[in-house]
Amino acid sequence: MTSAVLDQDTRAVGRGRPGVRSTLTPGASLGLGIAMTWFSLLVLIPLAAIVATAGQNGWQGYVDTLTNPQTWAAIKLTVGQSLLVTGVNVVMGTMIAWVLVRDRFWGKRLLDLMIDIPFAMPTIVAGLVLLGVYGPDSPLGINVSNTRTSVTLALAFVTLPFIVRTVQPVLAELDADVEEAAASLGAGRLAVLRRIVLPSIIPAVTAGAALSFARAISEYGSLVLLSGSLPFHTEAVSVRVFSFIEGGDRTSAAALATIMLGVALAVIIALDVIQRRVARRG
Amino acid sequence: MVELGAPAKWAARLLALAYVFLLVGWPVITLAQHTFADGWSSFAETFSDPDVTHALAVTVEISIYAVLINTVFGIGMGVLLVRYEFPGKRLLSALIDLPMSVSPVVIGLALMLVYSGRYGWFGPTLEANGLVVIFNSPGMVMATCFVALPLVVREVVPVLEEVGDDQEQAARSLGANAVQVLRRITLPAIKWAVVYGVVLTLARSLGEFGALKIVSGNLTGQTQTAPLVVEQKYTNFAQNDAYAVSFVLVLISVLCILVVSLLRPKESHS
């Protein structure tokens, strides 16, 4: 599932520049009009409503909402945990992708299948299954529920596929000749890895890391049962937004939501930049 | 191709296997154990609860609508982005990916701010004209469409780029109209991409939680969906019910992954 979203060539539609002459036929224009109307009603206007609502109490109100101690603690926790989990994914995701592409062993297909499970599994169920092994009745005797480790665990689960699925296709298409040439010229294994393999997969790792970070920042469902959402301790930003909505405080909810929207936008821009840089080099 | 030394190779293999097993494999197995700990009868009992079956029916119904809408939108948008040039295309292409990184909670809030009957921008007018969006099916379909929006487009776009438009132009020069070209040439060429997109959209739709919790109002027996039942049952100490419903949801999501993974290699061989 992720591979479809992340493959660099799948995102290579953006050839049109502003001011480019339109080649739309009347029928296609009508189609574009209908599609844009739906897209606006579904995505653009609702997201604009968040920005508009966030500004209702003025700049001071906006700042006050975000610097409220409980909210600030939630922001710090979420950003910190998301960075931590993204770091773990950079190492583990790249290694899993390597194993899936370059290694051969019995059960590899199963490993490949398991990588996609977090993507297809309902997030609330993700929290529930993790509780089964790392909750109060843990067969391992490890109970992380209602601790910060549970947040790390839930985020690591839901973001597992991202880097694996961005790096895997790039690694599979690496030209073996270059590596062999380097080796035949006397480069050791580490030198080949560092000088040839690593530079080619860095754009994919970065793209995967950006998506993984965005997903971690926005995660909600898997945290509900697992983290306990204790204020100042395990309460994530999305949970805080939810309690603002439940309490009827839409302005505060929207203010906090703009931070998350900002991260999502930054990630989209980063992906676009990476994709263009890769396209230019290739 | 560079090969790792035997110790490094084994270390990488074991570490990858252990990590994925501890994070995904074991928890999923434990879910199956919990579900059938009291045998088949307790599993069956869960699904004799009308609230549970109603929630499953709601989930399926909402998902079918969302899949239909996103499939039409995805194919149409894919064709527009690949086959035509127009100002703002690149921006639009980037914006279509946005829903993947927006929090479900933010999606729920955004839809409430526009379509709520009490305070939304359009909601009161729509409700005055008899269209209740929030705490009702239309809002739930919209939330589901939003979270799964890019999935079909992102499957269709690369395939459309790869097959090119030679055949479409040939058909057009032989007098085929736009609908004929779409039905006879374009759709058969992107058939498998559409199937993947639909399966992925279905998996995502069946499991949506956060956005639906907000826009559905979570009314038991009315707008409550299966993932919402899981939360409610678990927090009400009806853990067997929570496990049973979860098991069904996991089974469907695993089936979706299997379908995609079995279809993909077949296509690349042909």
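Predicted model: local features only at pLDDT ≥ 70, side-chain atom pairs only at ≥ 80, totals over all residues.
Good morning. In chain B, residues 24 or more positions apart account for 73% of the contacts with a separation of 6 or more. For chain A, the corresponding share, among contacts between residues at least 6 apart in sequence, is 78%.

Chain B contains 14 helices and 0 strands. Its C-alpha atoms occupy a box of roughly 70 × 65 × 30 Å along the principal axes. Of its 270 residues, 50% count as buried.

Chain A has 282 residues, and buried residues make up 48% of them. The secondary structure of chain A consists of 12 helices and 0 strands. Along the principal axes, the C-alpha atoms of chain A fill a box of roughly 65 × 65 × 35 Å.

Chain A also carries a domain assignment, with domain 1 covering 26-55 and domain 2 covering 58-281. The centres of these two domains, taken over C-alpha atoms, are separated by 29 Å. How many residues of each domain are in contact with the other? Domain 1 of chain A contributes 6 residues, and domain 2 of chain A contributes 8 residues. On the domain 1 side, the touching residues divide into 4 nonpolar, 2 polar and no charged.

I turn now to the contact between the chains. Chain B brings 80 residues to this contact, and chain A brings 88 residues. Which helix supplies the largest share of the chain B side? That is helix 1 of chain B, residues 6-35, with 17 residues. By class, the side of chain B that touches chain A comprises 58 nonpolar, 13 polar and 9 charged residues.

The next topic is the nonpolar core. The largest such core has 166 residues. Those with the most contacts inside it are A:Ile50 and A:Val241 from chain A, together with B:Val106 and B:Leu109 from chain B.

Leaving aside neighbours within four places in sequence, A:Ile50 is in contact with A:Ala254, A:Ala257, A:Thr258 and A:Leu261 in chain A. Across in chain B, A:Ile50 is in contact with B:Val106, B:Leu109, B:Ala110 and B:Leu113.

Two further features of chain B complete this tour. Helix 11 of chain B, residues 191-207, has 17 residues. From its first C-alpha to its last, helix 11 reaches 25 Å, close to the 24 Å expected at 1.5 Å a residue. Is helix 11 enclosed or open, and what is the basis for the answer? Of its 17 residues, 13 are buried, so helix 11 of chain B is largely enclosed by the rest of the structure.

Finally, consider B:Gly74, which sits in helix 3 of chain B, residues 50-83. Why does B:Gly74 count as buried? The reason is that 28 other C-beta atoms lie within 10 Å, and the cut-off for a buried residue is 20 or more. Not counting residues up to four places away in sequence, B:Gly74 touches B:Val152, B:Val153, B:Val156 and B:Gly197. By contrast, the C-alpha atoms of B:Gly74 and B:Asn218, which are 144 residues apart along the chain, are separated by 29 Å.

Thank you for your attention.

Note on methods. Residues numbered from 1 in each chain as written. Chains lettered and ligands numbered in written order. Helix = DSSP H or I, 4+ residues; strand = E, 2+ residues; numbered from the N terminus. Buried ≥ 20, exposed ≤ 12 C-beta atoms within 10 Å, placed from the backbone. Contact = placed C-beta atoms within 7 Å. Expected span 1.5 Å × (residues − 1). Nonpolar A, V, L, I, M, F, W, Y, C, P; charged D, E, K, R; others polar. Domains from an automatic or database assignment. Core = buried A, V, L, I, M, F, W, Y, C linked by C-beta atoms within 7 Å.
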